[in-house]
Amino acid sequence: MIKILRYTEYLYVIVAAFSVYRIFTDWNVDRNMAYFFIFFAVVSLAMFFFRRNYRKKFEARKRENQK
């Protein structure tokens with residue numbers, strides 16, 4: 001279960017990287033779509049840090065319970 005949580009964290013980073021790429025390619029073409037991808041990039045990075053923090057707390061609680 002922990003390994004699955006670790007992989008899903010990095011999916012958020014991939015989505016953020018794709019969003020940043022789309023921001024740079026769409027900035028002069030379609031500014032509204034670029035703003036949309038800015039939103040996705042910010043939310044994806046926030047979810048990455050939130051899920052990472054949650055996983056580390058979960059692992060620490062599991063280690064404490066095993067002792």
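Phe36 counts as partly exposed because its relative accessibility is 41%, which lies between the 20% limit for buried and the 50% limit for exposed. The model is predicted. Phe36 sits in helix H2, which covers residues 31-66. The protein has two helices and zero strands.

**Surface patch**
- Phe36 belongs to a nonpolar patch on the surface, together with Met33, Phe39, Phe40 and Val43.
- The accessible area of these residues together is about 440 Å².
- An α-helix has 3.6 residues a turn, so residues three or four places apart point the same way.

**Helix H2**
- H2 has 36 residues, and at 1.5 Å a residue they should span 52 Å.
- Buried residues of H2 include Ala34, Phe37, Ala41, Ser44 and Phe48.
- Arg55 and Glu59 are also among the buried residues of H2.

**Overall shape**
- The C-alpha atoms of the protein fill a box of roughly 60 × 15 × 10 Å along the principal axes.
- The radius of gyration is 16 Å, whereas a compact globule of 67 residues would have one near 11 Å.

**Surface and contacts**
- Of the 67 residues, 21% count as buried.
- The accessible surface of the protein is about 5,600 Å².
- Carbon and sulfur atoms account for 66% of that surface.
- Among contacts between residues at least 6 apart in sequence, 56% join residues at least 24 apart.

How values were computed:
Residues numbered from 1 in each chain as written. Predicted model: local features only at pLDDT ≥ 70, side-chain atom pairs only at ≥ 80, totals over all residues. Heavy atoms only, no water. Patch = residues over 30% accessible without salt bridge, like charges linked within 9 Å, V, L, I, M, F, W, Y side chains within 5 Å. Areas by Shrake-Rupley, 256 points an atom, 1.4 Å probe, with all protein chains shown as cover. Salt bridge = Lys/Arg side-chain N within 4 Å of Asp/Glu carboxyl O. Helix = DSSP H or I, 4+ residues; strand = E, 2+ residues; numbered from the N terminus. Buried < 20%, exposed > 50% of the residue type's maximum accessible area, 1.4 Å probe, protein only. Expected span 1.5 Å × (residues − 1). Rg over C-alpha atoms; globule rule 2.2 N^0.38 Å. Contact = heavy atoms within 4.5 Å.
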